Number of protein chains: 2
Amino acid sequence: MTTPAKSLSRRSANSRQQLLKASIESFVTTGYHATTTREIAQKAGLSPAAMYVHFSSKQDLLFELIEHGHHEAYRALADAIQQADGPREALRAAVYAFTEWHATNHRLGRIAQYEFQYLTPENRARIAHIRKAIDASLRTILQDGARTGALSVPNVRLTALAILSLCIDLVRWFPSRMHSDPQEIASNYADIASRMAGI
Amino acid sequence: MTTPAKSLSRRSANSRQQLLKASIESFVTTGYHATTTREIAQKAGLSPAAMYVHFSSKQDLLFELIEHGHHEAYRALADAIQQADGPREALRAAVYAFTEWHATNHRLGRIAQYEFQYLTPENRARIAHIRKAIDASLRTILQDGARTGALSVPNVRLTALAILSLCIDLVRWFPSRMHSDPQEIASNYADIASRMAGI
DNA sequence: GTCTATATGGGGATAGAC
DNA sequence: GTCTATCCCCATATAGAC
């Protein structure tokens with residue numbers, strides 16, 4: 001009992017997803033500016049003009065990708081923290097989840113970080129709150145741990161920054177010949193972060 | 001007693017330096033692909049065609065910058081290690097110097113890391129040995145430290161990777177509102193790296 | 001929603017005079 | 001070594017038919 005309207009909207013949603021998927025491939029390989037809308041359209045199996053039915057511009061496509069990437073990474077982090085018990089476990093769980101997300105989604109993560117600077121200032125501002133929430137999440141864990149003595153952290157702000165920096169920088173090199181298993185690297189990074197927090 | 005030939009070669013060297021300086025500004029702000037050779041030439045006070053006397057292409061300009069950046073960063077690291085005494089001091093000195101270099105030269109460092117992927121495969125290969133030397137330098141310190149017991153490092157390869165990752169990721173965010181002093185961040189990162197190596 | 005055709009502007013690199 | 005002028009190709013985005 002598929003109505004013509006439903007059929008159309010399904011086709012549309014498919015093209016939209018194809019375009020998003022194609023743009024991840026292109027942006028991560030060639031970079032935002034060197035990627036042409038023709039390339040993206042071709043990878044998605046559409047004409048160059050079809051993109052503009054689904055996205056108002058190439059910038060709009062970039063924004064959707066980067067916003068989605070930030071959203072998913074934050075959700076992985078926040079979910080892990082919520083289920084953890086105490087600062088030590090929370091730190092391990094947070095670093096594990098955040099690292100695993102960036103390893104598993106290294107292409108999208110790389111676009112979210114490397115092409116972030118090519119968002120318009122307005123689009124960057126629309127994502128700022130997620131970035132702040134990520135920072136705050138880790139700072140809170142370290143602060144709680146330092147207060148209760150569960151962790152030993154001389155400089156909470158800087159240690160939080162360093163731990164996140166480590167996790168995020170994964171997207172620059174992952175996967176490599178030596179490391180290509182998201183769970184393995186996540187587990188190791190959780191160990192390293194624990195050491196940074198004095199465990 | 002300046003001969004015409006000397007005068008000419010001085011003028012030429014100046015233009016070359018101006019072009020390199022201008023391209024750092026442009027590449028770091030706009031990225032390699034979105035930067036036009038016209039922009040670079042204008043910033044250097046030259047006509048669009050003048051660039052091609054000093055560099056054979058825009059790619060050639062990028063390569064010179066990135067090679068120079070890698071070379072300088074490695075030299076800062078190697079010098080620090082050579083003057084240090086023992087694995088603990090070597091680790092501190094290495095992380096301090098490498099971090100300080102990336103903080104001080106964050107624009108060039110950012111180009112060296114972010115635009116590296118846009119070098120031709122041939123140009124990338126011409127820099128590979130410097131990257132390997134940087135990795136090997138830190139691995140050697142950790143290996144020596146683990147052997148003599150001066151350091152406690154469960155996983156030498158991964159810890160070396162993580163420490164370098166931390167230092168390099170500076171170029172993504174440095175300077176920020178909270179951190180803008182290269183020596184201060186270098187000192188703090190040396191502390192953090194020491195913790196990662198079990199001190 | 002998708003297509004073909006195209007408007008419109010720009011960009012890397014070169015030619016040739018000085 | 002530097003300039004002006006230009007070749008030649010390509011990119012984003014839109015127009016209008018189906």
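A cavity, for these notes, is a set of grid points where a 1.4 Å probe fits but cannot get out, and its lining residues have an atom within 4 Å of a point. I keep in mind throughout that this is a predicted model.

**Entry 1: the second largest cavity**

I started with the second largest cavity, which holds about 60 Å³ of space. Which element gives the largest share of its lining? I found that α9(A) does, with four residues. Helices that each supply at least two lining residues are α6 (106–114) and α9 (156–173) of chain A, along with α6 (106–114) and α10 (170–173) of chain B.

I then listed the residues themselves. From chain A come A:Q113, A:Y114, A:I168, A:D169, A:V171 and A:R172. From chain B come B:Q113, B:Y114, B:I168, B:D169, B:V171 and B:R172. Sorted by class, I get six nonpolar, two polar and four charged residues in this lining.

**Entry 2: the largest cavity**

How many cavities of 30 Å³ or more does the structure hold? I noted five. The largest has about 110 Å³ of space, and 18 residues line it. Nearest its centre I find A:G31, A:E115, A:Y118, B:E115 and B:Y118. Its lining is made up of eight nonpolar, eight polar and two charged residues.

**Entry 3: how the two chains relate**

Next I looked up the superposition of chain A on chain B. A rotation of 180° with 0.0 Å of shift along its axis does it, at an RMSD of 0.0 Å. The two copies are therefore related as by a two-fold rotation axis.

I also checked the interface. Of the interface residues of chain A, 100% are interface residues in chain B too, so the copies meet through the same surface.

**Entry 4: A:M51**

Is A:M51 buried or exposed? I have it as buried, because its relative accessible area is 0%, and buried means under 20%. A:M51 sits in helix α3 (residues 51–54) of chain A. Beyond its neighbours within four places in sequence, I see A:M51 in contact with A:L19, A:T37, A:S57, A:K58 and A:L61. I looked up one separation as well: A:M51 and A:N155 are 104 residues apart in sequence, and their C-alpha atoms are 48 Å apart in space.

**Entry 5: B:S137**

My last stop was B:S137, in helix α8 (residues 128–148) of chain B. Its relative accessibility is 15%, so I count B:S137 as buried. Setting aside residues up to four places away in sequence, I find that B:S137 touches B:Y74, B:L77 and B:I81.

Note on methods
Residues numbered from 1 in each chain as written. Chains lettered and ligands numbered in written order. Predicted model: local features only at pLDDT ≥ 70, side-chain atom pairs only at ≥ 80, totals over all residues. Heavy atoms only, no water. Buried < 20%, exposed > 50% of the residue type's maximum accessible area, 1.4 Å probe, protein only. Contact = heavy atoms within 4.5 Å. Least-squares fit on C-alpha atoms with pLDDT ≥ 70 in both. 1 Å grid on protein atoms, 1.4 Å probe; cavity = no way out; pocket = protein on both sides within 12 Å on 5 of 7 lines; lining within 4 Å. Points joined across faces, edges and corners; volume = space filled by probe spheres on them. Nonpolar A, V, L, I, M, F, W, Y, C, P; charged D, E, K, R; others polar.
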